[in-house]
Amino acid sequence: MKGVLIGFDNRQSLELGLALLETAHIEATDVYSPMPIEGQVSSSGLPLLMFAAGMLGFVGFFLLMSYADLKAYPLNIGGRPGFAWPAFVPIAFELGVLCAMAAGFFGYFVRCRLPRLYDGVDECPSFGNASRDGWFLEIRSEDGQRLAQARTIVQTLMPSSIEEFVA
């Protein structure tokens with residue numbers, strides 16, 4: 001797979017480049033900029049995953065403690081009721097939060113494809129400015145004609161740099 005990294009001098013040029021590529025039905029693989037670009041927000045299923053893991057953790061541990069209290073070790077100590085569920089709520093809540101945080105931690109690594117020790121775009125000399133003052137579009141494709149088409153479309157905007165890399 002090959003790719004093209006296109007650098008721009010300002011935000012307006014980057015947004016114009018995105019619009020031109022979108023009209024040609026070429027999607028940018030990644031956008032690197034020092035601040036968020038409107039319309040480029042990618043939705044994540046991570047909050048939903050964390051909520052589901054938290055709820056499953058809460059219900060699962062609550063049921064586990066209830067089973068241990070009612071079936072596995074039914075001890076009557078001090079005349080307490082047979083099913084003392086209010087005692088299980090705080091620890092079940094804490095373990096549910098622990099499950100949600102673990103799902104968020106590992107889900108973040110899966111979502112960001114980490115640990116990724118090497119990516120071809122890292123070899124581009126101008127990519128070091130991506131987080132400081134650079135505005136970059138990354139386009140990856142198996143089709144060389146598609147990359148050439150994207151390159152000719154964006155050259156009309158006079159980008160600051162156009163670099164090719166092998167992914």
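Rings of Phe, Tyr and Trp count as a pair if their centres lie within 6.5 Å. On that basis, a search of this whole predicted model finds nine aromatic pairs.

Start by selecting Phe 58, Phe 62, Phe 83 and Phe 88, which ring pairs link into a cluster. Within that selection, keep Phe 62 and Phe 88. Their ring centres are 6.1 Å apart and their planes stand at 75 degrees, so the pair is edge-to-face; the angle cut-off for that class is over 60 degrees. Colour by secondary structure next: Phe 62 lies in helix H2 (residues 46-72) and Phe 88 in the loop between H2 and H3, so the pair ties together parts that are 26 residues apart in sequence. Phe 62 is buried, at 18% relative accessible area, and Phe 88 is buried as well, at 11%.

Now select Tyr 32 and Phe 127. This aromatic pair is also edge-to-face, with 4.8 Å from centre to centre and 85 degrees between the planes. Tyr 32 sits in strand S2 (residues 30-32), while Phe 127 is in the loop between H3 and strand S3 (135-141); the pair links distant parts of the chain, 95 residues apart. Phe 127 has a relative accessible area of 16% and is buried.

Conventions. Residues are numbered from 1 along each chain as its sequence is written. This is a predicted model: local features need pLDDT of at least 70, side-chain atom pairs count only at pLDDT 80 or more; totals for chains, interfaces and linings use all residues. Side-chain values use heavy atoms; hydrogens and water are left out. Rings of Phe, Tyr and Trp (its six-membered ring) pair if their centres lie within 6.5 Å; planes under 30 degrees apart count as stacked, over 60 as edge-to-face and the rest as tilted. Helices (H or I, at least four residues) and strands (E, at least two) are DSSP runs, numbered from the N terminus. Buried means under 20% relative accessible area, exposed over 50%, partly exposed in between (1.4 Å probe, protein chains only).
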